[in-house]
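Subject: Handing over the structure

Hi there,

Here is the structure I promised to pass on to you. Have a look at it first, and then read on for what I found.

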Amino acid sequence: MDKVSRRLQDEISHISQKIEESLLSFFDKLPNDPLTNIIRYHMGWLNRDFKKEDSYKGKRLRPVLCSLVCKITGGRIEDSYPPGIALELTHNFSLVHDDIQDKDLFRRGRETVWSIWGIAQGINVGDAMISLAHKAILDSRLDYYKKYRLIDILDTAIFRLCQGQFMDVSFEERQDVEIEEYLQMVQGKTCSMFEASVEMGIVVSEREDLAEQFVSIARNLGLGFQILDDILGLWGDPKVTGKPVGSDLRQNKKTYPIILGLKERPEAREIVLSKDKTEKDIEYIIKLFESSGIIDLCKEKVASYLSKAREMIECLPLDKENIGLLMELTYYLENREK
């Protein structure tokens, strides 16, 4: 199954459009001030001069997951939009701060917030986005219990995300990082938000009896997603990904392919761990890892995690049509290019 069905395409397109409309409606009620406009810039609605611009806004994957899970478990999809807004704002807060920590100059093909307005203001922008994520839930028409559960899930995910990011940054100063440590980091940095997305979806659909199954599925999706992200960081097309190739190597990140590469090609260790790598060094390492089969090993691991997710999906107490839709989503994630 290498093609996404028209139904899944339509579902993703419809949910993405509704989330976009909900986000814009939410921001229409916020001030027209520099802080909020910088957030609007990062979200893809304004240019750096705060004029309207329609740029690439990301995949909106986490709110799509939330809404899709809500719908297929019998909930009102409209109820999933407030937590969807919160998820998207939280995800983007992490990106703004991540760009600062990694000193990335570009995100989604545009200049990063900190590279234009400075590190201090970038921190303020990210912090503001967390508060707005809470506001999106608290201002919604959902009942008190659901609001409480959603905030609790969100805050737990934010803490786990920060734990993962803390580990990711700490790895930059270490020469040896084990695969098990990497996976623990990813479970915080990436899986936490995937898990929160599906759990929020089942909270609003009132099917919390399915929480454990959906969270396990999301964890495997997140692990596969991050390893594929690591692959794209070394071998992706920068015109598609919006980020320069090899940035993980420049920043001494310990991603899945880099950890494997260090084990498979120890002769490259000195160059990989150097803090003064040239562009020729970056090109050499990427080609060396590719010729050593590292990219294939990484893709096999991605396939393994997504295969586990599919096995769990097949066990869900849902009709065949919705099972099929979730299965297709795993292939959609596996074949992405950015």
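The side chains of Arg60 and Glu20 are joined by a polar contact of 3.1 Å (a pair of N or O atoms within 3.5 Å; within protein, one must be able to donate a hydrogen and the other to accept it, and residues adjacent in sequence count only if both atoms are side-chain atoms). Please keep in mind that this is a predicted model, where local features need pLDDT of at least 70, side-chain atom pairs count only at pLDDT 80 or more, and totals for chains, interfaces and linings use all residues. Residues are numbered from 1 along each chain as its sequence is written, and side-chain values use heavy atoms, with hydrogens and water left out.

Arg60 sits in the loop between helix H2 (34-42) and H3 (helices are DSSP runs of H or I with at least four residues, numbered from the N terminus). Its relative accessibility is 4%, so Arg60 counts as buried (under 20% relative accessible area, with a 1.4 Å probe and protein chains only). A polar atom of the Arg60 side chain also lies 2.6 Å from the backbone oxygen of Lys57. Beyond its neighbours within four places in sequence, Arg60 is in contact (heavy atoms within 4.5 Å) with residues including Leu23, Trp45 and Glu88.

Ser22, in helix H1 (residues 6-28), is buried too, at 17% relative accessibility. A polar atom of the Ser22 side chain is 2.8 Å from the backbone oxygen of Lys18. Setting aside neighbours within four places in sequence, Ser22 touches Tyr81 and Ile85.

Now for a helix pair. The axes of H3 (residues 61-72) and H16 (residues 320-334) come within 11 Å and cross at roughly 165° (axes are lines fitted to C-alpha atoms over the stretch in contact, and angles run from 0 to 180 degrees between N-to-C directions). H3 and H16 are therefore roughly antiparallel, a label for angles over 145 degrees. On the H3 side the contact is made by Leu61, Leu65, Leu68 and Ile72, and on the H16 side by Asn322, Leu325, Leu326, Leu329 and Leu333. By class, that contact has eight nonpolar, one polar and no charged residues (Ala, Val, Leu, Ile, Met, Phe, Trp, Tyr, Cys and Pro count as nonpolar, Asp, Glu, Lys and Arg as charged, and the others, Gly among them, as polar).

Enjoy exploring!

Best wishes

Notes:
Helix = DSSP H or I, 4+ residues; strand = E, 2+ residues; numbered from the N terminus. Parallel < 35°, antiparallel > 145°, perpendicular 65-115°, else oblique. Buried < 20%, exposed > 50% of the residue type's maximum accessible area, 1.4 Å probe, protein only.
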